[in-house]
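Subject: Structure for you to look at, with notes

Dear colleague,

Please find below the structure I said I would pass on. My notes follow it, and they are meant to be read with the structure open beside them.

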Amino acid sequence: MVDLSPAVTAYVQESRDILEGLEEALLDLEKRPDPETVDAVFRSLHTLKGGGAMFGFRLMAGFIHHFEDAFDRVRSGDLAISPKLINVVLKARDQMMAMLDCGGDGPETAALVTSAPLVALLTELDAALDNGVPLTPLVAPTRLWHISFRPAATALQNGMRPDRLIEELVALGQAVVTINAEDVPPLDSFDPSVSYLAWQVALTTAQPRSALEAVFIFADDADLDIHEVEGEASGSPQPDQREDKPTETVAAPPQKHDTAGDSVRVSSAKLDEILDQLGELVIAQARLRQISNSIDEPALEGLVEEVERLVTGLRDATLSVRMLPIEMVFGKFRRVVRDLSAELGKEIELETQGGDTEIDKNVLDRLSEPLVHMIRNSIDHGIELPQERSASGKPAKGRLRLSARQEAGEILISIEDDGKGLDAEAIRKKAVDRGLISTEDEISTAELHKLIFAPGFSTAATVSSVSGRGVGMDAVLTTVSALRGSVDVKSYPGQGTRVTLRLPLTLAIIDGLLVRVGAASYVIPLASVEECVEFDSIEHGRESGRTMLQIREHLVPFIDLIDAFDDLPGHEQRRRVVIVKAEGVRVGLVVDDILGQNQTVIKSLGPYHGGLEGFAGATILGNGSVALIADVGLLARRAWAAQEHLRNAA
Amino acid sequence: MAKTILTIDDSKAIRDMVGLTLRGAGYRVIEAANGAEGITQLQAETVALVIVDLNMPVMNGIDFIRNARRDPKGIGVPIVMLTTETKAELKAEGKAAGATGWLNKPFDADMLLAVTKKLAG
């Protein structure tokens, strides 16, 4: 018995990808029906069905068959694309996903296939088929193809009939056929069972390339070239020009090849392993540097520098492999927005921006859920019903904008709606009810807005099936914090709400600035460092009570890390300030000394130390000691909060 | 006169399926249960197309194809082998032995008819 399981695994993986693509294609089709997308949908369904029959997903294949059939009819122009049809195929697509999860034919799939929702789907499909008004026929443009075909010499002996293949080809459109008989030998050495002829055909047809290739399916040992002649679609076939154009035809296909063919699918576990090893390499290299510094041997020094350069290059290359365009999750949201707005009777236009921004795969994977939560919230609570919008002078169609961009070492993702904005009073009332704040608390609007991220908070008057279960937004904050990121919310009554997530570019290795505070070393992420300046202890000493620094024309609050980290003050006269920018604000961190730059492999703090405030993780230095990584965002928040407090007191 | 199709398969179920499908389309179908019987039929009849399974007792499909191509009655006769997606090397072997085309299992009546029409006319 042959073990098919690797092939089945590959099939399931491939099918998931196809289903993702299918969803996109269907949504495109809804917006703008064109023959190529119809073709793509049909092909996807066809591939899924074909593979299903081979790999033990026969029940699924049977189910898909109905939808493939429908799209075959669309393709041939006798069925129109209707919202009904798209709707039912989208739903069916979700069921196909579910069937894949069942892992092939078995009681689970059987139960699913005979379940009421699936039977209802097929009825719904029937209805969609009946009501389809044939739309403007999807006529593909005719194109001119040049086909040159020289069968293998043994073709005739092996039962191939080249003449029949040419007839089949000619039947696809209008053709001019030229036969090349140059290789036919003189009669005395002629062997009737050998194939000597070659054919050249100029074919004008609306059929796709695949139909042309299908003619020659069994002629895989023949010399065959099929290429499209561009810009001559409606012109008359000119078989003799074939020789003039080979350069064009060679140049055209590779572009497609680059995107699809030259990539390799790798499991993310393998990537994680490479990254782990790389982390160890970076630490080993730091130790090497340390030893080299203590030995003072020029030959070793040169080598260490070379190794450092190579490791940095390897690090960047490895991290870039793990980077994926955020478009990959943005794509999913089109469906969420479409389904939800339909369910709630709202009209919403989704805009995306910066989809090509790249982000670490691990971050991306964990981000998808929180983003869906936020989008649901915007649609459910933010954007009003069309009539409400019209009444308040807004366009009936709401706008939801998803954007992503990179800023220093961070990725900023924002979700912006033009809805009614957060209701500060409702939030205050709810927060008091929940005991999150007391009635006397004087809280700024910005702080009130942040309360929506508090655990168990929900302002929806009724719990809808869409959101409003009150588990959404605090889960968002938890996930984002776990990724060393932060959330910011800005809302204007009647104008809309914008939630911005700030996330680190990568989770694994960063460039850090190594500093000394008291007896210990700490790492400050280099991406947030703006500059380093001298700190005048006399002027700004603890006794003076000053908390702001004058950096050129700006006042910047500062925190002495000796105080923040509860260390004993040293005796340095010349201390330094590292000016960092985090969460949009600048703050000075006073340190005893700056030790230098360092590649920091981030190790998360174990459960015992996870609750430590002010640290984003730890790393191992070249000398084997451990340094904590400063959580710059938290320190910045603290500095500004202290500043606010002082101002209020004064 | 109806064209004659020879189906060679040790599974009666497959021979029946091929027979039912092709007879329904107006072909004459004769059967053999292994490669050796197939050669005998090929020599006795004028065959328009052979549909042969690869995995059979007595004489397997690859050997049948080789022998058929050495036989004056077998040269030039289209031979379709029944293959599976997973055995690519076997398909190549069959092709090298002189098979004209192939049909991947599992196949349905439509696929069988399409290939038959394509190769036998």
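Helices and strands are DSSP runs, where a helix is H or I over at least four residues and a strand is E over at least two, and they are numbered from the N terminus.

Please keep in mind that this is a predicted model, in which local features need pLDDT of at least 70 and side-chain atom pairs count only at pLDDT 80 or more, while totals for chains, interfaces and linings use all residues. Residues are numbered from 1 along each chain as its sequence is written, and chains are lettered from A and ligands numbered from 1 in the order in which they are written.

The two chains

Chain A has 650 residues, of which 31% are buried, and its secondary structure consists of 21 helices and 21 strands. In chain B, which has 121 residues, 41% count as buried, and there are five helices and five strands. Two residues are taken to be in contact if their C-beta atoms, placed from the backbone, lie within 7 Å. Among the contacts in chain A between residues at least 6 apart in sequence, 71% join residues at least 24 apart; in chain B, residues 24 or more positions apart account for 60% of the contacts with a separation of 6 or more.

Where the chains touch, 14 residues come from chain A and 16 residues from chain B. On the side of chain A that touches chain B, eight of the residues are nonpolar, four are polar and two are charged, where Ala, Val, Leu, Ile, Met, Phe, Trp, Tyr, Cys and Pro count as nonpolar, Asp, Glu, Lys and Arg as charged, and the others, Gly among them, as polar.

Chain B

Along its sequence, chain B follows the pattern β-α-β-α-β-α-β-α-β-α. Its five strands form an open sheet with parallel pairing, in the order β2-β1-β3-β4-β5 (chain B), and two strands are said to pair if DSSP finds at least two bridges between them. The edges of this sheet are β2 (28–32) and β5 (101–105) of chain B, each of which pairs on one side only. Direction ignored, neighbouring strands of the sheet are turned by 25° against each other on average.

Strand β1 (residues 4–8) of chain B is joined to β2(B) by five bridges in the parallel sense, and L6(B) has I30(B) in β2(B) as its bridge partner. Helix α3(B) packs on the sheet and touches β1, β3 and β4 (79–84) of chain B, its direction making about 150° with that of β3(B); such angles run from 0 to 180 degrees between N-to-C directions, and the axes are lines fitted to C-alpha atoms, for helices over the stretch in contact. Helix α2 (residues 35–44) of chain B lies across β1, β2 and β3 of chain B and runs at about 165° to β1(B).

In the loop between β3 (49–53) and α3 (61–70) of chain B one finds V58(B), whose phi is near 65°, a positive value in a residue other than glycine. V58(B) has 13 other C-beta atoms within 10 Å and is therefore partly exposed.

Chain A

Strand β8 (residues 398–407) of chain A pairs with β6 (residues 348–353) of chain A in the parallel sense over six bridges, and G398(A) in β8(A) is the bridge partner of I348(A). Eight bridges also join β8(A) to β9 (residues 410–417) of chain A, and these two strands run antiparallel; S403(A) stands opposite S414(A) in β9(A).

In helix α16 (residues 424–433) of chain A, the residues I427(A), K430(A) and A431(A) are buried. They lie on the same side of α16(A), because they cover an arc of only 100° around the axis, the arc being that of the directions from the helix axis to the C-beta atoms. The face turned away from the buried side of α16(A) carries the exposed residues E425(A) and D433(A). The cover over the buried residues of α16(A) includes α17 (445–450) of chain A.

Definitions and conventions: A residue is buried if 20 or more other C-beta atoms lie within 10 Å of its own, exposed if 12 or fewer, and partly exposed in between; C-beta atoms are placed from the backbone.
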